[in-house]
Amino acid sequence: MTEWTQSNGDQCNSGLRRDLEGPTRVTDAWTADLTGAPGSPVCDRDTVYVGTARGTWYALEAATGRQRWVVETTAATDATPVVTRDRLYVGAGDGTIHALEPATGEVAWEAALPGDLASDLTLSNGRLYAGHATGLSAFDTETGAVVWTHETESAVAGTPAVADGRDIDRSRATRSPLSEPAETGLLEADRLSEPGQRWIDERVFAGTADGTVVALAAETGEVVWTAPTGGGVTTGPTVAADRVYVADDAGTMLALDAATGQTWFTYEIRGGFTTSPTVLAAAEMTFVGATDGYCHVTDTTVGRRKLRGWLFSRKGIELDGPVRSAPVVVGDVCCVGDASGSLYGIGVDNAEPIWHVALADAVSGTPAVSSGRLFVGSDDDRLTCLEWEPANPKR
């Protein structure tokens, strides 16, 4: 069974496993000691993979935490990898991409980026995308050959997101966005001038450290549109339904039209956002972490606060410290960790805590999810597996 194979679960950075029954109570299954603080893990079938800030890659048995293999590199490798049945793709801080055999850790090919690695990796339709200090590059997954490179004025931040217009729900396309279409590269055929009009080809969406979101044609790397943000992009973007959600370190979250780059809404806070947004389109809810110690909860229509208090609306769910890991939604439970080492399971319907786990150090990476298991790293050089008894997957 395919599980959580790349950053935030899929190429859209969705952070969702709505097909599983959410954990209402968790127990510690195992803890693995690593060499260096771990990044965000991924898992496929019976193995979990994780890299560390010391340059070590681990393949661990998902049920027990037993090491299957360990690979040492000369540069930090805590960026989230991508795993398939045939390859494990990992990136090192020095700009080297390694394609490994998932069963053994043996190198199949290596490729060099034009600059130091600056983002997690993303895989879609035979192309591997990596953000670096000078832009974004696409590689052929079989050979490691460079397909194209798009240069940016500053480093690509976070994780590129990939979406195909044929799979995007255009049900909200008739509502008027707040801004004019982005100026750069937008073709007249892509404008949503008529209800139901859609874009077709696959696109890559990436944010930059100087505050720009860019949409590129996946096959060629050509610019489709660009849009400014209020500050440096932290992680993401996230693609959900017909929109691209992106949060920045100046405290602004934007919802952009995926076809045109037009702004649908902005949501602003004091402080800065620290995670990519996790969007439940059906429930019209968005979860995003911030430096103020809140997992902010907004609606997806106009970006207003979603939660209500006794007298006034609440900006979100208060945690024990700044939020560093992107919220992950499993079934109807939102799992989110913070800099104090607290990991919470929070009910999506009422935004109330269901369970709490206190780890020994900060939770900086995003947890990986499989059926009945949650894998989470902490800054004390450990990876922890939490278990629960899963019900039957939702149909």
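Author: A residue is called buried under 20% relative accessible area, exposed over 50%, and partly exposed in between, with a 1.4 Å probe and protein chains only. The model is predicted, so local features need pLDDT of at least 70 and side-chain atom pairs count only at pLDDT 80 or more, while totals for chains, interfaces and linings use all residues. Residues are numbered from 1 along each chain as its sequence is written, and side-chain values use heavy atoms, with hydrogens and water left out.

Reader: How many salt bridges does the count come to?

Author: In general terms, side chains of opposite charge can pair when their charged atoms come close. The rule used here asks for a side-chain nitrogen of Lys or Arg within 4 Å of a carboxyl oxygen of Asp or Glu. By this rule the number of salt bridges is 15.

Reader: In the pair of Asp379 and Arg324, which relative accessibility does Asp379 have?

Author: Asp379 and Arg324 meet through their side chains in a salt bridge, 3.3 Å from N to O. The pair links distant parts of the chain, 55 residues apart, with Asp379 in the loop between strands S34 and S35 and Arg324 in the loop between strands S28 and S29. Arg324 counts as partly exposed at 41%, and Asp379 is likewise classed as partly exposed, its relative accessibility being 26%.

Reader: How many residues apart in sequence are the parts that Arg127 and Glu202 tie together?

Author: The closest N and O atoms of the Arg127 and Glu202 salt bridge are 3.2 Å apart. Arg127 lies in strand S12 and Glu202 in strand S16, where strands (E, at least two residues) and helices (H or I, at least four) are DSSP runs numbered from the N terminus.

Reader: Is Arg17, the salt-bridge partner of Asp19, buried or exposed?

Author: The side chains of Asp19 and Arg17 come to 2.8 Å, N to O, in their salt bridge. Asp19 has a relative accessible area of 32% and is partly exposed. Arg17, by contrast, has a relative accessibility of 8% and therefore counts as buried.

Reader: In which order do the four strands of the open sheet lie?

Author: Strands of a sheet pair through backbone hydrogen bonds, either parallel or antiparallel, and two strands are taken to pair if DSSP finds at least two bridges between them. S7 and S8 (residues 88-91) meet this with two bridges in the antiparallel sense, Leu88 of S8 being the bridge partner of Val83. S7 (82-83) and S10 (107-112) are the edge strands, each pairing on one side only. The pairing in this open sheet is antiparallel, and the order is S7-S8-S9-S10.

Reader: Which cysteine holds the sulfur closest to that of Cys335?

Author: A disulfide is a pair of cysteine sulfur atoms within 2.5 Å, and a search of the whole structure finds zero of them. Cys385 is in no disulfide, the nearest cysteine sulfur, in Cys43, being 9.3 Å away, and Cys385 is buried at 0% relative accessibility. Cys335 is also buried, with a relative accessible area of 0%. Its closest cysteine sulfur is 6.7 Å away, too far for a bond, and belongs to Cys334.
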